[in-house]
Each structure stands twice: as structure tokens, then as C-alpha cells.
Amino acid sequence: MPVGLFRVCLLVITAIVNHPLFFPKENGTVPENTEEIIQKMKEREESLRLEQLRLEQEIADQEATQKALEKAAVVVEESKEEKVRWDMWTALSMVIFLLIELWRQDFQEGNWQDVGGEEDDMAVLGKAFKGVALPDKAVLASFYEKRILGTTGDMARMREMVEGFADDLLEALRSVCNRDADMEVEDCMGVGSMYENWRVRKPFVCDLIVPFAPPEPYCFHCQAWCSGDSFPPDEQGYGTIKVCRADEDATGCICDKTKLGEDMLCLLHSQVNSTRPSSEMEDLLCFKNTQYLDADQVMKWFQIAVTKAWNRISHKYEFDLSFSLLDSPGALKIKFKSGKSIAFNLTPVVQYENSDVYFISHFPRSSLAADVPSSTHWFLTFAVYERRFIQLVSKTLPANACHVSCLQILSFLHGKQCSLTGPSGLTNYHLKTVLLHLLQARPSQDWAPEKLEARLQDMLKFLEKCLHEKKLYHFFIGNGKVPAELGFPIIFQRAEPLNLFRPFVLRRDIYRKMVDTFHEMLRNMSALINEYTVHIPLAHTNGIRKEPL
């Protein structure tokens, strides 16, 4: 009973507490604020959605940035790999180039002059002129005896006369010059075809070179194109001559290149002689405002000096002396009262160091130095060594060897062809260069007199090959096989070979004329020789086969 009563009381109390009207302030507003709460919840939802979109955009941007960075990293990696591959190809190309260059130098030092004589790759003439044939041995012998041998005595007499007069003229030149201010002239030397005994065409002209040196205390410092400093391709074969004081380094004292303090003085050069007046250098025949010897100034000085010297000794001779070519400093002509004349060239040169290589101011009657870069660039001539080489080789050849005869015949034929069709770029110096290469390449016994016809073929084949390739290398420059007995300077043996046909590569008109003249000479060769050959009976020619080129 008490338990049941307690349960009834607890139920009544619970009902009273839970009645809605018991707490009217707390629960009375619930129905009224429902829409406001819903509106706030929607606004919250919208803000959360916008925040979600913003976060998604940021995530997308970060992903795009990450992808861009990854792509850039890939590109950089690929570029590094490409660069590595390119560096490898570059290195490989350089190695291949160096190997080719080394091979080319070895080939030029060893094989570029090894013509071999009868090689098929040289027989270009047979393809272009199958019908061309050299005259037989009997005709060639008759032609040589009738047309060429008779000139030997005339050359010897003329050389003797010209040398004697030149010595007298130079002695008079020394007497009229001021020893303290003018250039010092040395003895002359004979070079060229007249002194190598192969000139055949008249008029005979002796070529004499006259070395000269500056007065004391000056000296010449010569610099060739192959001495180390870079020279352009069109200046290969040339050099410059700097006029220096004997106590001055050619490159100049350091006081000229360094700013010394006002209280410092160079012990070698005082302030007085550190700079020389322009007039003093011009008196030393230098180009204006430079220390480099000017070929044009030398030409004027030499012509004036020769004129003064002749005026001093003219009373001793019964002939007149005049300059025959205005553009050559020493192209002189002796005129006798009988009307006859003798021409010779007296050309001033400068010795290269202590060798017999010379810087020459002008080339009379030659196109070797037709396009001189400037008047301060001097061409180097190796004429003295060429003469010595021919003399040296001649001692090892059989008696009456045919090497000089070959050059004489070709020189005569080329000269006759030029008189018919006009001059061409091909000169006698080119023909002599061909002979020098063959003299070094062929054994001594191949130059026996009975092999004249075969050696003529060799020279024509070699020349045709050079014309076809537009390459005829200077015999001495870049030739490591020059005999040691000559004492030839090693600097020129180690130099790059000099292509004598290089000027014709860009001048196609002159090259075309040169090739046409050579081909015409081949076609007219038999007619030109027969014109100067006595009649030979048929019995002498039977059994002698005409060998086509």
C-alpha cells in the first residue's frame, strides 16, 4: 500500500513538471522562430558551398601549378639530356675533324707531291684529248737542237754583260747615297730562268735582286704570314717589315704599353726618343704614321738612286739607260746606238732573317703578286733556293738529263700559244713549279735524255690535274721533304701548303682563260713544234710509236 501510494504521487508530480504551460517563456517561441532558423541554415549552407568551391579552386590551382612545375622539370631534364647528347655529338665531330686534319697534313706532307708518273687518276688528258699525241723522239730532238740549244750561248754572253754593268751601277749608287741616312745596298744576285738555263723566248731578260738594309742604328724586323700571328687567306705568302732601332724590341718596350708614374722613368728609353717624328719614319721609307716599310716608297727611292748613279757613270758607256716599266722600280733597258737593246730587272729586296728567303717589293712581268693587299705587304720569293735545288738535283741525274729540256719545250710552247690567243693566268713559274715537284717525286734514272717524251707527258698530266683541281702547291712552302743540304728555314716547311692557283678560284674568267689556253696549246702542239723543226726522213720515224696523251 505505501509503495502504491508513492508511485501515484510520483506520476502526478511528473505530469505537472512536463506540462507545456508550466514553463511558458522557454517553450513559447519555438513555433515562431522556425523559419528564421531555416533561413540561417540555408545561408550557412550557401556559405559553406561557396567555401567548398573556393577550396576546390585553390586545390585545382595548386594541382595546375604542380603539373606546370613537373612539366618544367621534365623539359629541363630533357634539355639537359639533349645538351648532353649535343655536347657528345660536338665532341665527336671535333674529334673526327681533328683526325681528318691530321690525315690531311700527313697526306700533304707525304703524298701530295707523290705523283707516281703513270697513275690512272692523273691521266685526265686521255679522257679529254684522245686524239692528241706528242711528236716522236726524233722530231722532239730536232726541235730542241734547232730552236733551243742555239740560245744557250746568247744567254751566257748577256748574263756576263748585264752583271758587270749592274755591279758598276750599284757601286755608283753607293757613292751617291748618304751613308748615315740612306739605305745600304748590297751586291746583286741573279735568279730566274736566265740563271737556271731554261729561258728560251726572246727578248732575254736578266732578273737581279738587290738586298738592302736600313742605316744604323736601325734594323728590319721581318714577319712572315706563317710566323704565328693570324693572316687572312688573301695575305698568305706575304709578310711585313718593321723598321726598329737596334736597341728596341720589335714588339715595343713595356713603357709604351704601361702607364708609368710621373716620377718614374724607363731605363731603356728616355722621354725624348720614346716617340719618333713622322718625318723621320718617312725618311726611312715607312708608310705614313707607321713603322712598316712601304714598297711604293722603296720604289721611288730606288728609281731616284739609280738615276743619280747612272748620271755619275754615264760618260763611261756608249749607250743610254732608261726605265722600261713605270710600275717596276728596277725594270731597266740599255739602248745601243745601233738600235739594239737589252732589258734587265734590278729589284730591291729585304732578307728574311739569316736565310736566302727575301721579301720582294715588285714582280716585274708577273702576276704572282698582282693583288697585293697593301703597300706594306711584301711577297716572299724563294728564287735563290729554287736555283740551288735545281743545281743540287742536277748533280744526281744522268748525263745530259732531260729535266731542263722539258721545261724549255713547255715554256716555248706556252709562250707561242699566248702570242696567238693572248696572255693567260698560267705563267712560266707555274711550269717550273710542276718540274720541281716531279724532280722530287721521280727517281734520277727517269730523267735520262731518251725519256724526254715520257717526262713531257708527265708534266702535262700533272699540270692538267692541277688545273682540274685548281690546286698547284708551292714547292717549298709546307714541303717537309726539302733536302737538308739547302739549309731551308724550317718555319716555311711547317707552314700550311700555299696553293698558287688560289687566286683563280674566285676569278672564274681568268681561270677559264687559263684552261682554254692550255687546251689550245695541246691541240696546236704538233703544229708549233713542226713549224720549227727541220725535215726528218720517214726512215728515222719508222718503228717509233707516237704515244697518245
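A salt bridge is a side-chain nitrogen of Lys or Arg within 4 Å of a carboxyl oxygen of Asp or Glu. With that in hand, select Arg 442, Asp 446, Lys 451, Arg 455 and Asp 458: salt bridges link these residues in a network. Across the whole structure, a search finds 17 salt bridges.

Before you go on, note that this model is predicted: local features need pLDDT of at least 70, side-chain atom pairs count only at pLDDT 80 or more, and totals for chains, interfaces and linings use all residues. Residues are numbered from 1 along each chain as its sequence is written, and side-chain values use heavy atoms, leaving out hydrogens and water.

Next, select Lys 432 and Glu 196. Their side chains form a salt bridge, 3.2 Å from N to O. Lys 432 sits in helix H12 (residues 428-441) and Glu 196 in helix H7 (residues 193-196), so the pair ties together parts 236 residues apart in sequence. Helices here are DSSP runs of H or I, at least four residues, numbered from the N terminus.

Is Lys 432 buried or exposed? Lys 432 is buried, at 4% relative accessibility; buried means under 20% relative accessible area, exposed over 50%, and partly exposed in between, with a 1.4 Å probe and protein chains only. Glu 196 is buried too, at 6%.

Last stop: Lys 465 and Glu 469, a salt bridge with its closest N and O atoms 3.3 Å apart. The two are four residues apart in helix H13 (residues 452-469), about one helical turn.
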